[in-house]
Structures are given as structure tokens and as C-alpha cells.
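Work through the two exercises below with the structure in view. Each task is followed by a solution in steps.

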Amino acid sequence: MADDDNVYDITIIGAGPTGLFAAFYAGMRGMKTKIVEALPEAGGQLAVLYPEKLIYDVPGHPGVLAKDLVKLLVEQSRFFEPTYVFDECVETLTRQDVRGEEVWRLGGASNAHLSRTVLLSTGIGAFEPNRLDRPGVEKYLNDGVYYFVEDKQALRDKRILIIGGGDTAVDWALNLKDSAASITIVHRRDGFRALEANLAELRATDIPINTFWELKRIDGDDAIETATIYENRTNEERTLDVDIVLINIGFKASLGPIANWGLEMVDKRHIRTDVFMETNLPGVYAAGDIAAVEGSVPLNLIVTGLGQAAIASNAAKQKIDPEARMFPGHSSEMKPQ
Ligand SMILES: Cc1cc2nc3c(=O)[nH]c(=O)nc-3n(C[C@H](O)[C@H](O)[C@H](O)COP(=O)(O)OP(=O)(O)OC[C@H]3O[C@@H](n4cnc5c(N)ncnc54)[C@H](O)[C@@H]3O)c2cc1C
């Protein structure tokens, strides 16, 4: 049910870095702001896919842990006290008349949210890791077998088997090499998708890299004791003593319900916007990884999303109040709360 007495000025779908920063700017413009997030926590890809990784290309932060950046963005977003709704996937976007005013209606599984403008900061959409179906994987899932590393400290002094050849697998091997008891990599082919510089750094370490090897099974009692791997051309087998198996074989992302909202897409992942980040639906904006500005090439980086968040929320302000200026003024001149 929608609460007709509670129409927001802007509702932001997605609490990744883009959505969080947009909430700050919308608040600074005096807009009544709500953020709706499908997951139980804020942070988007940073919180789910790489909380323990250092990010080097956020201005003013020569190196910041993804989870620390999320904490700071959440703190900043709270400055103007927006309404947060977690665990709510927005399924539908339609129009509704509220006492003569046409507003957007965002439908979730049980709730609906009414808003004059909408910002889609939905990133790559709903994402989940590619799963590996091998004996022992389910049994030890989140108890020795992990698709994401949430707490690096839990892996200290452990013997770790990393499966995969992409950025995540290589990054974790490098990231954990000084704190783990041992690291071994297995990858099913000899081509790696990881960044060349990281791969070169990995090859310069003494971490064993087993190409053309795959996981066959994981065994143990209360905890993992061994992992059996096999050479996929010869079927030769080896059993390794390990405590932890990290499976980093990529992830699937899908736009999900957003694809049915009548938005003009550039490709399967990007919504076309004008330079004010407005989509083909009036008053519906897109920013961050989901957005492709007409005439440019999407640059899926945190810093791009932050800039677009500022443009979109200021443009949304002008949409609902044509007398308002696009320029928000300087935050340094704001009165402290
Ligand atoms: C391993 C890895 C390392 C990276 N390293 C860097 C780096 O060093 N520097 C850099 O700048 N960038 C990096 N990136 C990219 C960066 O993470 C993204 O550019 C950034 O997260 C985009 O932010 P966003 O807020 O637009 O989207 P996201 O972070 O994807 O957040 C979108 C949010 O929207 C939510 N959502 C989606 N659909 C719905 C719906 N229908 N209803 C409600 N909620 C919804 C999702 O649950 C998610 O929380 C990296 C990415 C990966 C995967």
C-alpha cells in the first residue's frame, strides 16, 4: 500500500556509493528524500563484492578500504536525515494521481513509495556470484568456503585455496599473501582475465599457480581439512591440506525488473540519459554504473557516479521547483546541523 500523505521529492533506488551521495545532495537542496535498497545494507558493490579491498582512485583518499568508504558515505548521507528502506527491491515504476498531482509510484513486494522524482542508482542491478557445484562446497559454505571475503582477519594464518583467474582471484591472492599461512591458486585454463600489472605481481611471488587444474571435492569433518584438485586434460589428482576455499569465478548481474519500466536503454546494462542525467521518463534520473550519458562512453567508476549523483539531484530539484537554481551553492557555506 502507498501512503498518499507521504509523497517524497526524490526517491533514490539503490544505496551504492552513487545513491548515498545523491541523498546528501538532495538533502542539501532541501528535498524530502528516501533511499530504497534491495539488500539489507548500504554500499552496493563495495559492500558485497570487495569490502576488504583498497581503493586508490577516490579523490582525497590515497588508499581507502571499500568498507571504510561505505561507512563514510553512509555517515555523509545521513547529514540531512533521509528515510532509508532496506531489504526492498523496487519491482515496478508507474504513475499515480495524488490529489491532482501526478507522481511516480515505486512498487515493492509489500510496500509502495510515492515520489515526485526518482533517481535510479541501481548499478549493475541485482548481482550474485557464479556458484561451483562440487562435493563439499555446499556443506562448508560460509564456514570455510566463501564466494566473498567479508572479514580478512578470519583468514589470517589459514591455508587458502583460491579458485579462479579473474581480477578478484588474483587480487585476493596478493591481498592475503602476507597474512595467510599459505595460498594456492587453481584456474581451469592458462588465460587470466586479471589486470596485467596484478598478474605480473602475482607471478613474481612464490604462490603456486596451477593452470588447467580444477576443484574436484572438499573433505573434512567439522571443518575443511583437504581439497582435491584435478588436471582437466590428464585427470591427474592431488589432495591439498587447506582450511579455506575461496571461489572467485565471476558473478552474474541482471537489471531485473528495471528492464520492464519503459526506459530507453543503450545496451543491456545502461540506461540512456541526457546531460542532466534525466532518462526518457520525465523526472526519472539515472546515475552511476547504470547510466550512459548521451554521446559519451560509460566510465563505471565510483568517482563518475558521485559526480553524476550531484548533477541528477540538483536537476531533480529544478524539475520540482523550476524557480530553483541548478547550482546548489557551496557546502562550505552551509550552516552546521
Ligand atoms: C571487484 C571490483 C573492484 C572495483 N574497484 C574499483 C576501484 O578501485 N575504483 C572505482 O572507482 N571503482 C571500482 N569498482 C567499480 C565500482 O564498485 C562501481 O563503479 C560502483 O560500485 C558503482 O556504484 P553505484 O552506486 O552506481 O552502483 P552499485 O555499487 O552497483 O550499487 C547499486 C545498488 O542498487 C541496488 N539495487 C539494484 N536494483 C535494485 C532495485 N530494483 N531495488 C532496490 N535496490 C536495487 C543494489 O542492491 C546495489 O546495492 C570496482 C568494482 C568491482 C566489482
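**Exercise 1: aromatic pairs**

Phe-79 has a relative accessibility of 33% and so counts as partly exposed (buried is under 20% relative accessible area, exposed over 50%, partly exposed in between, with a 1.4 Å probe and protein chains only). This is a predicted model, where local features need pLDDT of at least 70, side-chain atom pairs count only at pLDDT 80 or more, and totals for chains, interfaces and linings use all residues. Residues are numbered from 1 along each chain as its sequence is written, and side-chain values use heavy atoms, with hydrogens and water left out.

Task: classify the aromatic pair of Tyr-84 and Phe-86 by the angle between the planes.

Solution.
1. Rings of Phe, Tyr and Trp (its six-membered ring) pair if their centres lie within 6.5 Å; planes under 30 degrees apart are stacked, over 60 edge-to-face, and the rest tilted.
2. The centres of Tyr-84 and Phe-86 are 5.9 Å apart, with 5° between the planes, and the pair is stacked.
3. Tyr-84 is buried at 19% relative accessible area, whereas Phe-86, at 31%, is partly exposed.

**Exercise 2: charges over rings**

Task: find which ring Arg-233 lies over, and at what distance from the ring centre.

Solution.
1. The test asks for NZ of Lys or CZ of Arg within 6 Å of the ring centre and within 35 degrees of the ring normal.
2. Arg-233 lies over the face of Phe-212, 3.8 Å from the ring centre.
3. Likewise, the charged end of Lys-32 sits over the ring of Tyr-8, at 4.8 Å from its centre.
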